[in-house]
Amino acid sequence: MVSSINDRRRAVLQTPISEHMISAEKVAHVQAGNYAGHALLVLTKSGYSAIPVLDSSFRLKGLISIGMITDAILGLERIEYERLDSIEVDSIMDGDLPEVYVHDPFEKGLDLLVNHTFLCVTEEDGTFAGILTRRVMLKEFKKYIYTTP
Ligand code: 2BA
């Protein structure tokens, strides 16, 4: 019994991330050359606090959050909203993301999701493929815990 549970656990941990991710077409994103004002609009309308930044070839460039935008337009005495349409997203985004590929095992995602709310997943050439979120990961665990005899 113990060994069959261990086998099942190992099997889940080894499945490729592509089987668990939210695919690219369902993920809100902005382009690197977009202005901060447009990014703020997409973030506000989608309801997400951070979304991926892609280039015109759909390659992953970074991540932009509401906090990064607010920080960029913070003046000495006030928030300078008029700067929203002069700052390009790629000058304020976080471009230092962990590399996660579609063929990586779910186990790698699990380790990284301890410190990230979601992970951007790419093909080998950097083309954006989707995201792996904490929500999806926790749902997988719930399924696994309740269905394991
Ligand atoms: P947050 O936007 O900070 O969202 C935190 C959690 O709140 C989400 O966890 C989700 O459970 C819930 N939530 C927020 N906005 C939602 C919405 N519009 N619809 C449904 N649920 C919503 P996770 O699902 O684990 O997502 C973790 C992070 O992944 C999100 O952080 C967001 O930054 C990003 N994300 C998730 N789905 C996305 C999508 N379709 N497009 C772009 N980014 C997404």
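Visitor: Which way do Phe118, Cys120 and Thr122 point from S5, and which way do Leu119 and Val121?

Guide: Start with the general idea: in a regular strand the side chains alternate between the two faces of the sheet. This is a predicted model, and in it Phe118, Cys120 and Thr122 point one way from S5, while Leu119 and Val121 point the other way. Every one of these residues is buried, and S5, residues 118-122, is mostly covered.

Visitor: Which strand is joined to S5, and how many bridges are there?

Guide: Strands of a sheet pair through backbone hydrogen bonds, either parallel or antiparallel. Here S5 is joined to S6 (residues 128-133) by five bridges, and the two run antiparallel. To get your bearings, find cysteine 120, which stands opposite isoleucine 131 in S6. In the hairpin of S5 and S6, five residues lie between the strands, and glycine 126 takes a positive phi near 90°.

Visitor: What is the order of the strands in that open sheet?

Guide: Read across it and you get S1-S6-S5, three strands with antiparallel pairing. The edge strands are S1 (22-23) and S5, each pairing on one side only. Two bridges join S1 to S6, and there serine 23 stands opposite glycine 130.

Visitor: What lies across S1 and S6?

Guide: That's helix H5, residues 134-147, running at about 60° to S6. H5 has 14 residues and reaches 20 Å from its first C-alpha to its last, close to the 20 Å expected at 1.5 Å a residue. Its buried residues are Val136, Met137, Glu140 and Tyr144. They cover an arc of only 100° around the axis, so they sit on the same side of H5.

Visitor: Why does glutamate 140 count as buried?

Guide: Check the cut-off: buried means under 20% relative accessible area. Glutamate 140 has 19% relative accessibility, so it counts as buried. Leaving aside neighbours within four places in sequence, glutamate 140 is in contact with His20 and Phe106.

Visitor: Which residues have the most contacts inside the largest nonpolar core?

Guide: The background first: in soluble globular proteins, nonpolar side chains tend to be buried together. In this model the largest nonpolar core has 17 residues, and those with the most contacts inside it are Val30, Val53, Ile64, Ile69, Val89 and Ile92. Helix H2 (36-46), strand S3 (50-54) and helix H3 (66-72) each supply at least two residues of this core. H2 gives the most, with four residues. Apart from this core lies another, of 14 residues, among them Leu113, Leu119, Leu132 and Met137.

Visitor: What is isoleucine 69 in contact with, leaving aside its neighbours within four places in sequence?

Guide: Isoleucine 69 is in contact with Ala36, Ala39, Leu40, Leu43, Ile64, Leu84 and Ile92.

How values were computed
Residues numbered from 1 in each chain as written. Predicted model: local features only at pLDDT ≥ 70, side-chain atom pairs only at ≥ 80, totals over all residues. Heavy atoms only, no water. Buried < 20%, exposed > 50% of the residue type's maximum accessible area, 1.4 Å probe, protein only. Pairing = 2+ DSSP bridges. Contact = heavy atoms within 4.5 Å. Axes fitted to C-alpha atoms, helices over the stretch in contact; angles between N-to-C directions. Expected span 1.5 Å × (residues − 1). Arc of directions from axis to C-beta. Core = buried A, V, L, I, M, F, W, Y, C linked by side-chain atoms within 4.5 Å.
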